[in-house]
Amino acid sequence: MQLNIKDTDESRQGESMVLEGRKDNNKKLFIESYGCQMNFSDSEIVASILLDNGYNTTSEMEEADLILVNTCAIRHKAEDTVRKRLTEYNALKKKNPQMKVGVLGCMAERLKTKLLEEEKIVDLVAGPDAYRDLPKLLEDVDDGRQAINVILSKEETYADLNPVRLGGNGVTAFVSITRGCDNMCTFCVVPFTRGRERSREPESIISECENLWENGYREVTLLGQNVDSYLWYGGGLKKDFSKATDEQKTNAVDFAELLDRVAMRVPGMRIRFSTSNPQDMHESVLRTMAKHNNICKSIHLPFQSGSTEVLKRMNRQHSREEYIALIDKIKQIIPNIALSHDIIAGFCGETEEEHRETLSLMEYVKYDFGYMFAYSERPGTPAHRKMADDVPEEVKKRRLQEIIDLQQIHSKERMNSYLGQTFEVLIEGNSKKNTNEWYGRTTQNTVMVFPKIQGTKPGDFVMVRADSCTSATLIGEMV
Ligand code: 5AD
Ligand code: SF4
């Protein structure tokens, strides 16, 4: 569940994923993903590339010919978890020396040759833009050559690849629309591990959504580090838009336009998106959300800190006041909106007063839920190079706990405010606790569980009245 996550990464961690294979494929891939939704989406691209190269997926690590781990580098703890896993893979490899172990994603990009040469715990290293090169890298391993590609690309969006859907529920799917990030928040390693921002060609996004619809999917989440800054003008980096021709500029597609097109072309499909950045979220996006019933009424809008001074040190492109003005506008244009956040506690130089500004901003907005983290210094980031990580660990922890406790109160308040109302819920599958109940979500992204009625199935939209709640789940009945 997304609520009350203590200094951890997002809700799915270390899941291995499997799909139906091809009969003539004789090798087995075990692929595991950590970190953000983007990594899970990327693993589907990787599985698709390897499916064409002789590999079916398996959920049994022991029987794998190839183990790949898609990694996250955003906080120290995320890397620690992956290191532990790599030790476990290597223990298996001792028993089966033919087995290959590879590291993908942000940690591969950050550490480059280190895991291969110094620590010797992997056979292969591929950064986020190098997945098309995996078949060649596997040959390099076989031929005893160093198997590494961590080149970041200006163009790669994997637009033409149709990702295979791994281990999902067959109802909801991720579709990536941008890669990389140009924001350079001083605490963040992402611009270094995922490179510069580029957008994917809109028609390829729409046809992926149409394809999902035809295969029974009923909800897509459009993914990017900064979706609101989506801009397609014919390929290339976002920062090079100024060099585009007049024709390219006239025909450019921004995020509001993309949302509008997806909503119209797949009208039965629910559409979500993540992540938004306050400085790029324009009114046109809000109006598009209000215009289309099938665009879900929830926005994940990280603010990191409620203090303008801290935001400046973080190189965020918004102040506290601008953020509040945006929240007011969102609530005015989409009154039934649910809001969520990311917050970092104890960033460099954060005073007690600055911390209280974060709490007071939370009080003002009253978010539905959020992801909350203690600041973790990342090597090579501007904060690491130029600022002291000077808030003591116990102070960071205490501040984080205060933030979590307050969010808990707000989440409960929000849940209580939903009681008695009837919501349209997309059924995603069985409730984890009780197979006689369905699990689904409202447009606001609130989880609802309710008794099954004959004739309903995953993928159906049903109306459910909320009768009671826990701090993160509405409990109801179909009406
Ligand atoms: N320390 C703690 N949290 C971080 N995040 C990004 N970098 C760091 C870091 N160095 C958080 C931010 C971001 C989310 C994905 O992870 O809140 O929005
Ligand atoms: Fe990191 Fe900031 Fe980009 Fe988000 S917007 S990925 S926090 S640099």
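In which helix does Arg414 lie? Arg414 belongs to helix H15, an element that spans residues 393–418 and supplies at least two residues to the lining of the second largest pocket. The model is a predicted one. Its protein chain contains 15 helices and 23 strands. The radius of gyration is 22 Å, close to the 23 Å that the globule rule gives for 479 residues, so the chain is as compact as a globular protein of that length.

**Overall architecture**

- The C-alpha trace of the protein chain spans about 65 × 60 × 55 Å along its principal axes.
- Of the 479 residues in the protein chain, 58% are buried.
- When contacts between residues at least 6 apart in sequence are considered, 73% of them join residues at least 24 apart.
- The domain assignment divides the protein chain into domain 1 (2–149), domain 2 (172–416) and domain 3 (422–478).
- Domain 1 and domain 3 have C-alpha centres that lie 34 Å apart.

**The second largest pocket**

- The second largest pocket holds about 440 Å³ of space.
- Its lining comprises 25 residues, and those nearest the centre of the pocket are Lys297, Asn336, Phe423, Thr443 and Gln444.
- Domain 2 and domain 3 both contribute residues to the lining, so the second largest pocket lies between them.
- At least two lining residues come from each of strand S17 (338–345), helix H15 (393–418) and strand S19 (422–430).
- Strand S19 gives the most to this lining, with three residues.
- Classified by type, the lining of the second largest pocket has ten nonpolar, eight polar and seven charged residues.

**Cavities**

- Two cavities of 30 Å³ or more are found in a search of the whole structure.
- The second largest cavity has a volume of about 40 Å³.
- Residues lining the second largest cavity include Ser41, Ile45, Tyr158, Leu161 and Pro163; also among them are Phe174, Val175, Ser176, Arg200 and Glu208.
- Helix H1 (37–51) and strand S9 (172–176) each provide at least two residues of the lining of the second largest cavity.
- Strand S9 gives the most to the lining of this cavity, with three residues.
- The lining of the second largest cavity is made up of six nonpolar, two polar and two charged residues.

**Surroundings of Arg414**

- Arg414 has a relative accessibility of 22% and therefore counts as partly exposed, given that buried means under 20% and exposed means over 50%.
- Leaving aside neighbours within four places in sequence, Arg414 is in contact with Ile337, Ala338, Lys366, Tyr367 and Asp368.
- One of these contacts, Tyr367, is 47 residues from Arg414 in sequence, yet the C-alpha atoms of the two residues are 8.0 Å apart in space.

- Thr186 is placed in the loop between strand S10 (178–179) and helix H6 (190–193).
- Thr186 has a relative accessible area of 9% and is therefore buried, the limit for that class being under 20%.
- Residues up to four places away in sequence not being counted, Thr186 touches Arg313, Met314, Asn315, Phe347, Thr381, Pro382, Ala383 and Met387.

Methods:
Residues are numbered from 1 along each chain as its sequence is written. Chains are lettered from A and ligands numbered from 1 in the order in which they are written. This is a predicted model: local features need pLDDT of at least 70, side-chain atom pairs count only at pLDDT 80 or more; totals for chains, interfaces and linings use all residues. Side-chain values use heavy atoms; hydrogens and water are left out. On a 1 Å grid over the protein atoms alone, a cavity is a set of points where a 1.4 Å probe fits but cannot get out, and a pocket is an open set with protein on both sides within 12 Å along at least five of seven lines; lining residues have an atom within 4 Å of a point. Grid points are joined across faces, edges and corners, and a volume is the space filled by probe spheres set on the points. Helices (H or I, at least four residues) and strands (E, at least two) are DSSP runs, numbered from the N terminus. Ala, Val, Leu, Ile, Met, Phe, Trp, Tyr, Cys and Pro count as nonpolar, Asp, Glu, Lys and Arg as charged, and the others, Gly among them, as polar. Domain bounds come from an automatic or database domain assignment. The radius of gyration is taken over C-alpha atoms; the globule rule is 2.2 Å times the number of residues to the power 0.38. Buried means under 20% relative accessible area, exposed over 50%, partly exposed in between (1.4 Å probe, protein chains only). Contact means heavy atoms within 4.5 Å.
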